[in-house]
There are 2 protein chains.
Amino acid sequence: MAFPLSPSTPLRLKPYSTLRLLSLCSNSFSKSRPFPPSAAPRRPFHPSAAPRRRCFCTAITAALRSGEAIETKKSELGDPPRGEFGGRVGEFTKRLKISEIKGSPDEGLGLVGQTLTVVGWVRTLRAQSSVTFIEVNDGSCLSNMQCVMDSDAEGYDQVESGLVSTGASIWIQGILVASQGSKQKVELKVKKIMLVGKSDPSYPIQKKRVSREFLRTKAHLRPRTNTFGAVARVRNALAYATHKFFQENGFVWVSSPIITASDCEGAGEQFCVTTLIPSSGETTATPIDAIPKTENGLIDWSQDFFGKPAFLTVSGQLNAETYATALSDVYTFGPTFRAENSNTARHLAEFWMIEPELAFADLDDDMACAAAYLQYVVRHVLENCKEDMEFFNTWIEKGIIDRLTDVVNKDFVQLTYTDAVELLVKSRKKFEFPVKWGCDLQSEHERYITEQVFHGCPVIIRDYPKDIKAFYMRQNDDGRTVAAMDMLVPRVGELIGGSQREERLEYLEARLDDLKLNKDSYWWYLDLRRYGSVPHAGFGLGFERLVQFATGIENIRDAIPFPRTPGSSEF
Amino acid sequence: MAFPLSPSTPLRLKPYSTLRLLSLCSNSFSKSRPFPPSAAPRRPFHPSAAPRRRCFCTAITAALRSGEAIETKKSELGDPPRGEFGGRVGEFTKRLKISEIKGSPDEGLGLVGQTLTVVGWVRTLRAQSSVTFIEVNDGSCLSNMQCVMDSDAEGYDQVESGLVSTGASIWIQGILVASQGSKQKVELKVKKIMLVGKSDPSYPIQKKRVSREFLRTKAHLRPRTNTFGAVARVRNALAYATHKFFQENGFVWVSSPIITASDCEGAGEQFCVTTLIPSSGETTATPIDAIPKTENGLIDWSQDFFGKPAFLTVSGQLNAETYATALSDVYTFGPTFRAENSNTARHLAEFWMIEPELAFADLDDDMACAAAYLQYVVRHVLENCKEDMEFFNTWIEKGIIDRLTDVVNKDFVQLTYTDAVELLVKSRKKFEFPVKWGCDLQSEHERYITEQVFHGCPVIIRDYPKDIKAFYMRQNDDGRTVAAMDMLVPRVGELIGGSQREERLEYLEARLDDLKLNKDSYWWYLDLRRYGSVPHAGFGLGFERLVQFATGIENIRDAIPFPRTPGSSEF
């Protein structure tokens, strides 16, 4: 049997239409070369030659054999130029997904009576005396499609024999009917079922609840659970809303470099990127002598890939500034890294950051942009991920929908650091870390301000003491504060940090000197102040913190598909 | 003078409206703390105390002093809960950009007669007997705003004194009038001009042409040139179109990990990521003895951040497969890395990749998706970046618009590798690398096929010999080819590579054994075939190659803001 080579036979299922599948495999290696492709003979189906256990595509082959029509795609465009060989590439068709059936306002009732095809993974299977219920999920939404089947359905033997079990992938065709159950409006009355891929009994995600700690060790399977499927969809919605917000406001996405020889904040805690250590995929037994060294026993960086030490970036801000001072408004959205040995629920070694940078803008513009951005993406999620948000509201954080709705509707509060300190001192509350002007605010302080003083409203604290902030922040006229801001939100704490940048060359150079930073290594950053400097401002937002904020997920390791933390680089 | 703290005074200019600027700096450190912020007194303007040379914001202060109204923003929402302190964060307003003036179908004629404010950087300045022409660019589009000024204009002295020079940033207010020139429909008749930031005479991007090699050494300033501004905008449009295409088709964006302990393709050439080498920002003098070692003189990986060797990812595909087999259709869009010592115009050590992965899909679906994707993003650029594309058509690659229009309108051709080899052999053309079945196709072969045989139509070659392709590709029934595909486009060559993945556990294990790859390290990848395996397929596209394809830019180092290549990690 030949592999399906003709463009006229795609595996994608045409919505609301007949099955168009071809066998995807055979179980013996056929030596016949399919040439010319479209003339490849189709081998008749031999059940005995295709043990179901090994080759899940048998079932799909069976569907073919059962006489389903195979439509030939016709392109509406003229023939491409071609020689003796060559066929046309088919049109891309969107596969019918469960979200498209159940996601309509009438929850699918409009499609009742239609013959539909659903593919996905079995979540649960309940056999009652005369009917069997199969819950199928395809990840397009939280909802399963409830499939109801009696023993007349074609392929029922696969259910009877136990092959259709939790975790298995299946293909189901049936008629959409109004559901008797209270949990859904519609269900699929199965006419035909086919096993696509069986699930070994060792499948670790059975119906019983498993802990999130356990699921972190199964990061490759956890998106098949309700929680992680919902987190993935909300994460996706937040990312897309981020792009939409900035694009609609005329920002240009800029990719800041990941590998860099410069250290943005002078903060250290960077990962070194090197080819000095011979990498073979099996590097566990590397003799230290293999590393090139100089006569003095120093590492010979001149032999490294970049000819000098290179690191993973901790921020793309300085690079973003170079583009902001050319294109006006830009944003980055990419991974950043901290080699901090923090084993907390709030820290990752690898995380995604969004860093907008606005030219001809001051701190007020910056704060206004940050607030508008946050409201936009939260509104987008509330409007586009209703089902997932209701799931979080019920199972992860009660009241999260109200909390987020507040963020969308309420004005954000701003106050100065100095005011904040005065508020905290006046409160006469006993904090673990005593407050005085000049100290960094701790979570307990931030929580008191957002939760107690401003009743859950997002708060922006601005104008921090310069000694606790980065060198590039613009000095205020008081000489002791900088035009920095932190946005605090309930539950997560600091979500956004930003500042107006020091655009005055003399001030910036003086600050680098104060901090004993090497001015030479910032030559290009200083150039931005030499040639047409403009007031500009920006902020940074840790994307996983935003995911936590929008989902209520407590541990940041559950807000990213494959978390990297000390000791953990699996998958 | 206090720093502007009140939310009622943003720097952003309200489109078509009055100036709303506040002084952004002072030139002496005032010790008075602005408290409460809104009551901070506004210091009168003293020209003598603010030498223009040092503090560019003087001019903006001057505008204030000249009596421009400062509007107070009013929120339409109720007051937020607040204590004794705290003000409201202002609304975010989009600044008027040159693209909004000149980008309309009438090229700005509809706004003639309006008083507008423009900010940006001086591209050129021409003084004629009675009038001065200043070309201002703000990066929002390729076009400059031509500003025409006579000596009556307020602030003309700054022009006269030579402070307004190429590269300087300026603020201009004037009346939009129909232009006498043939190059633009409208120009700005200047009423008032203010220098924002002067440009040192050493500014390296003067009007005379500079080479792209030179500009690579000025990567922080090159976006201020026509070419790199246009590349940045087209790159941005391609990125956004990528997200739009996949989102509109129900794909979920997944962030695959950047740091990983696994080597996707078993290909080597990876960067090592480590904290074993003490990083201090000044790592150039690192004694080799500082690296932890075991008793046998081996590197002690147990002391590294991840407890074992870790690398920068070469592909997110295997990770994407884990999410595709849960959520159905996903895509990654993130940076990937190759530590290849290739100093060519086609290679980067750090580049962005787009890797969609489709569940319940075969190679035909994959090809159809790749073709639809490419047509979508190219159409998006042709429709949304007209001016930039015309620039490329004139200055970078003559005929590029026709070439891209062809890609949008023509069907893509597919042919098998075997057919391709037959075509090449039949051609009797003398290739540098002789062709025979089993060999990898070289650029000369690919170019012959796309350019000679199919006259510039994109061509997909499929079903390659398994021995020249990766282990995860699905074996065809002939036993010697795999369901792989490469999309070739004119000029760039291979733009997209993809395959159907081997979903049969036994076949995949056998292949790993054949290639002597360690099955244990692929345990999670194999799990996807153990639990509800489904036919699935995907492809990868190097984003910078796409930028080259869409702009005609010849060297890939000019298609990314900050290129990383051997010996080059600057900026």
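In chain B, five strands form a closed barrel in the order 2-3-4-6-5, and their pairing is mixed. Between neighbouring strands of this sheet the average turn is 55°, direction ignored. The model described here is predicted. Strands of a sheet pair through backbone hydrogen bonds, in either the parallel or the antiparallel sense. The antiparallel sense applies to strand 2 (residues 115-127) of chain B and strand 5 (residues 169-178) of chain B, which are joined over seven bridges. Within strand 5 of chain B, I175(B) is the residue that stands opposite T115(B).

The relation between the two chains was examined next. Chain B is superposed on chain A by a rotation of 180° with 0.0 Å of shift along the axis, and the RMSD is 0.0 Å. This is the relation of a two-fold axis. The same surface serves both copies, as 100% of the contact residues of chain B recur in chain A. Among the residues of chain B, V273(B) comes closest to the rotation axis, with its C-alpha at 2.4 Å.

In chain A, helix 12 spans residues 505-514, and its buried residues are L505(A), Y507(A), L508(A), R511(A) and L512(A). Viewed down the axis of helix 12 of chain A, these buried residues fall within an arc of 165° and therefore line one face of the helix. The buried residues of helix 12 of chain A pack against helix 13 (523-530) of chain A. Helix 12 of chain A is followed by K516(A), which has a positive phi, near 55°.

Key: Residues numbered from 1 in each chain as written. Chains lettered and ligands numbered in written order. Predicted model: local features only at pLDDT ≥ 70, side-chain atom pairs only at ≥ 80, totals over all residues. Heavy atoms only, no water. Buried < 20%, exposed > 50% of the residue type's maximum accessible area, 1.4 Å probe, protein only. Helix = DSSP H or I, 4+ residues; strand = E, 2+ residues; numbered from the N terminus. Arc of directions from axis to C-beta. Contact = heavy atoms within 4.5 Å. Least-squares fit on C-alpha atoms with pLDDT ≥ 70 in both. Pairing = 2+ DSSP bridges. Axes fitted to C-alpha atoms, helices over the stretch in contact; angles between N-to-C directions.
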